[in-house]
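Trainee: Please take me through this structure, beginning with the terms that I shall need.

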Amino acid sequence: MATYDQRGIGMLRVLIVLVVLVALVAGYFWAAMKWSYATGDRAGWVQKFSRKGWVCKTWEGEMAMVSMPGSTTEKFAFTVWDDDTVQQINKLMGRRVNIHYEQKVGLPTTCFGETRYYVTGVAVVEEIPLAPGVVVPTLPAPRAPGAPAPPAAPAAPGQPAAPAAPK
């Protein structure tokens, strides 16, 4: 009877050690997912965006950043987890955008993404700064079908006014 009790206590110790190890690994993953090493913004043109992976599918993108006209392009690779952000990036492809990202370190596999930079937000950049006080406006976003037309611009001096649209 004493031998059976000793074996049960040994199994209980092994079970406790396994539970503690699983809790430590889960705590590590939780901390790595929630904690950011760095956050920041980058501006450029998203030139590549696709869903990749053999088993774990993630959205991976590449943004071309140009600091000055005529200089070489720097590429910024990033990963997106949020479906709303994915839809925004797909809608703004080919336009100059500003993305907000978090840099995560310590994620052990590529199942979480191929890069360390995880995009959390995206916004259109309406002007391109060339020098202090010199900007180039970008084209406005295309109108949605069925949206009302913007008001007509006033006629320039010396030009006849445009006829009013029939009601």
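Mentor: Contact means that heavy atoms lie within 4.5 Å. Helices (H or I, at least four residues) and strands (E, at least two) are DSSP runs, numbered from the N terminus. This is a predicted model, in which local features need pLDDT of at least 70, side-chain atom pairs count only at pLDDT 80 or more, and totals for chains, interfaces and linings use all residues. Residues are numbered from 1 along each chain as its sequence is written, and side-chain values use heavy atoms, with hydrogens and water left out.

Trainee: Which secondary structure does the protein have?

Mentor: The protein has 2 helices and 7 strands. Along the sequence, these follow the pattern α-β-β-β-α-β-β-β-β.

Trainee: And what do the strands β1 to β5 form?

Mentor: A closed barrel of 5 strands, in the order β1-β2-β3-β5-β4, with mixed pairing. From one strand to the next, the twist averages 55 degrees; angles run from 0 to 180 degrees between N-to-C directions, and axes are lines fitted to C-alpha atoms, for helices over the stretch in contact. Helix α2 packs on the sheet and touches β1, β2, β3 and β5, its direction making about 50 degrees with that of β5.

Trainee: How many bridges join β3 to β5, and are the strands parallel or antiparallel?

Mentor: β3 and β5 run parallel and are joined by 2 bridges; two strands pair if DSSP finds at least two bridges between them. Within β5, Val119 stands opposite Val80.

Trainee: What about β4 and its partners?

Mentor: β4 pairs with β5 in the antiparallel sense over 7 bridges, and with β1, also in the antiparallel sense, over 8 bridges.

Trainee: Turning to α2, which residues are buried?

Mentor: Thr85, Val86 and Ile89 are buried in α2. Viewed down the axis of α2, the buried residues fall within an arc of 105 degrees, so they line one face of the helix. The arc is that of the directions from the helix axis to the C-beta atoms. On the other side of α2, Asp83, Asp84, Gln87 and Lys91 are exposed. Buried means under 20% relative accessible area, exposed over 50%, and partly exposed in between, with a 1.4 Å probe and protein chains only.

Trainee: What covers the buried residues of α2?

Mentor: The cover includes β1, β2, β3 and β5. Consider Thr85 in α2, which has a relative accessible area of 2%. Leaving aside neighbours within four places in sequence, Thr85 is in contact with Val80, Val119, Thr120 and Gly121.

Trainee: What else does Val80 touch?

Mentor: Not counting residues up to four places away in sequence, the contacts of Val80 include Phe49, Trp59, Val86 and Ile89, as well as Thr85 and Val119.

Trainee: And which residues have the most contacts inside the largest nonpolar core?

Mentor: Phe49, Phe78, Val80, Ile89 and Ile99, in a core of 16 residues. At least two residues of this core come from each of β1 (38-52), β2 (58-65), β3 (74-80), α2 (83-91), β4 (96-103) and β5 (117-124). A nonpolar core is a set of buried Ala, Val, Leu, Ile, Met, Phe, Trp, Tyr and Cys residues joined through side-chain atoms within 4.5 Å. In soluble globular proteins, nonpolar side chains tend to be buried together.

Trainee: How much of the whole protein is buried?

Mentor: Buried residues are 22% of the 167 residues. Of the contacts between residues at least 6 apart in sequence, 55% join residues at least 24 apart.

Trainee: A change of topic: how many salt bridges are there in the whole structure?

Mentor: A search finds 2, a salt bridge being a side-chain nitrogen of Lys or Arg within 4 Å of a carboxyl oxygen of Asp or Glu. One joins Glu114 to Lys52, with the closest N and O atoms 3.5 Å apart. That pair links distant parts of the chain, since Glu114 lies in the loop between β4 and β5 and Lys52 in strand β1, 62 residues apart. Glu114 is partly exposed at 47% relative accessible area, and Lys52 is partly exposed at 31%.

Trainee: With which residue does Glu102 form a salt bridge?

Mentor: With Lys104, where the closest N and O atoms are 3.2 Å apart. Glu102 counts as partly exposed at 23% relative accessibility, whereas Lys104 counts as buried at 4%.
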